[in-house]
Amino acid sequence: MIKVSAPGKLMLFGEHAVVHGRPCIVTAVDARIRVFLKKREDNKIFLNIPDLNLRDFLLIEDLDKPFKKEMKFVLTAIKNFFEKYQIKSGLEIETKSEFSMEFGLGSSSAVTVAIIKGLSELFGIKITKRELFDLAYKTVLDIQGVGSGFDLAAAIYGGALYFVTAGKTIKKIKVKDIPLIVGYTGIKADTATLVKMVNRKLKESPRKINKIFNEIEKIVHLAKIEIEKANWRRVGELMNLNQNRLRELGVSSKKLENLIAIALDSGAYGAKLSGAGGGDCMIAIANRKNRKSVEKAIEKKEGKIIKVRIPAEGVKIE
Ligand code: PMV
């Protein structure tokens with residue numbers, strides 16, 4: 001049996017603009033998804049996803065039919081891998097997550113990466129990180145039709161990354177630890193819908209929206225430098241500037257704004273939403289002295305503090 005794990009992610013800077021050719025900064029977080037894979041001698045593919053209360057099986061031929069929503073990432077990854085490497089085999093697959101799929105920490109991207117990495121190990125096919133990224137990115141685009149692939153890069157390479165759309169650039173950012181506080185709004189964000197909404201706005205007002213994207217790009221470049229210097233006060237200020245631009249894009253929400261405001265009031269250097277917006281998580285940065293009071297304030301406003309270690313290692317065979 002093969003056991004693989006891949007980390008979740010948090011977007012630090014540059015969401016949405018990254019879908020349109022700009023860079024972003026993402027970090028892998030040490031909340032991992034584990035996948036267990038075994039070959040079978042027959043033509044059945046068994047899936048066991050206890051986090052979703054899901055146990056099911058299909059035949060290899062069924063990989064050409066539409067999949068149930070909860071199984072899409074796992075099965076599309078298998079289908080794409082089988083097609084690319086001309087393999088047909090029965091399988092047993094089990095996935096286990098250290099974090100709730102609700103948080104927006106990238107469970108779908110982590111599971112996609114872990115499945116493809118696991119299959120390559122199981123069938124003795126050497127694939128590079130780049131090949132893994134390309135196949136995982138194809139899988140996500142087959143399912144969602146949109147996305148930059150930043151979350152896949154975090155799951156594959158680990159650490160904190162400077163990332164450009166579709167993996168045109170993937171560069172490690174040198175940083176040991178990021179004093180980040182993560183607050184979950186309790187609301188699941190709908191990434192694809194928000195990305196499409198921003199696409200629409202870009203079509204309607206290209207000058208206005210491109211100006212916002214260009215400003216975000218400048219913030220990302222500055223943030224990369226300040227993160228490498230561990231200048232957290234300045235990183236916080238840049239988060240606030242990034243959040244202003246996201247607000248202008250119309251992707252923030254009342255709950256996100258409440259949690260961001262309370263984090264700033266209670267001493268954080270900066271705070272912003274992380275990811276598509278509309279819900280999921282906000283992030284804040286604070287010095288050690290203020291950390292507890294910021295966390296308490298977020299909890300008081302009914303945000304759930306999610307403890308994550310940052311950055312984390314990329315996908316690995318365990
Ligand atoms: O909602 P999340 O955490 O998957 O983040 C989406 C980030 C976007 O930039 C809006 C989309 C993308 O694929 O980069």
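Guide: In this predicted model, the centres of domain 1 and domain 2, taken over C-alpha atoms, are separated by 25 Å. According to the domain assignment, domain 1 is made of residues 2–174 together with 312–317, while domain 2 covers residues 180–305.

Turning to the place where they meet, 23 residues of domain 1 are in contact with 38 residues of domain 2. The size of an interface is often given as the accessible area lost when the parts come together. Between domain 1 and domain 2 the buried area is about 2,700 Å², and carbon and sulfur atoms give 69% of that area. On the side of domain 1, Phe13, His16 and Arg22 supply 26% of the area that this domain buries against domain 2, which is more than any other three residues supply.

Charged and polar groups also take part in the interface. Across the interface of domain 1 and domain 2 the rule finds two salt bridges, and it also finds 11 residue pairs in polar contact, with both residues at pLDDT 80 or more. As for which elements of domain 1 are involved, strand 1 (2–13), strand 2 (23–40) and strand 7 (169–173) each supply at least two residues of the side that touches domain 2. The largest share of that side comes from strand 1, with four residues. Sorted by class, the side of domain 1 that touches domain 2 holds 14 nonpolar residues, four polar ones and five charged ones.

A salt bridge that can be followed atom by atom joins the side chains of lysine 272 and glutamate 15, with 2.9 Å from N to O.

In domain 2, whose assigned range is 180–305, isoleucine 305 is found in strand 11 (residues 304–305). Isoleucine 305 counts as buried because its relative accessibility is 14%, and the limit for buried is under 20%. Leaving aside residues up to four places away in sequence, isoleucine 305 touches Ile181, Val182, Glu295, Ile298 and Glu299. In domain 1, whose assigned ranges include 2–174, serine 120 lies in helix 2 (residues 107–122). Serine 120 is buried as well, with a relative accessible area of 4%, and a polar atom of its side chain lies 2.7 Å from the backbone oxygen of lysine 117. With residues up to four places away in sequence not counted, serine 120 touches Phe81, Ile125 and Ile127.

Notes:
Residues numbered from 1 in each chain as written. Predicted model: local features only at pLDDT ≥ 70, side-chain atom pairs only at ≥ 80, totals over all residues. Heavy atoms only, no water. Domains from an automatic or database assignment. Contact = heavy atoms within 4.5 Å. Buried area = accessible area lost by both parts, 1.4 Å probe. Salt bridge = Lys/Arg side-chain N within 4 Å of Asp/Glu carboxyl O. Polar contact = N/O pair within 3.5 Å; in protein donor to acceptor, adjacent residues only side chain to side chain. Nonpolar A, V, L, I, M, F, W, Y, C, P; charged D, E, K, R; others polar. Buried < 20%, exposed > 50% of the residue type's maximum accessible area, 1.4 Å probe, protein only.
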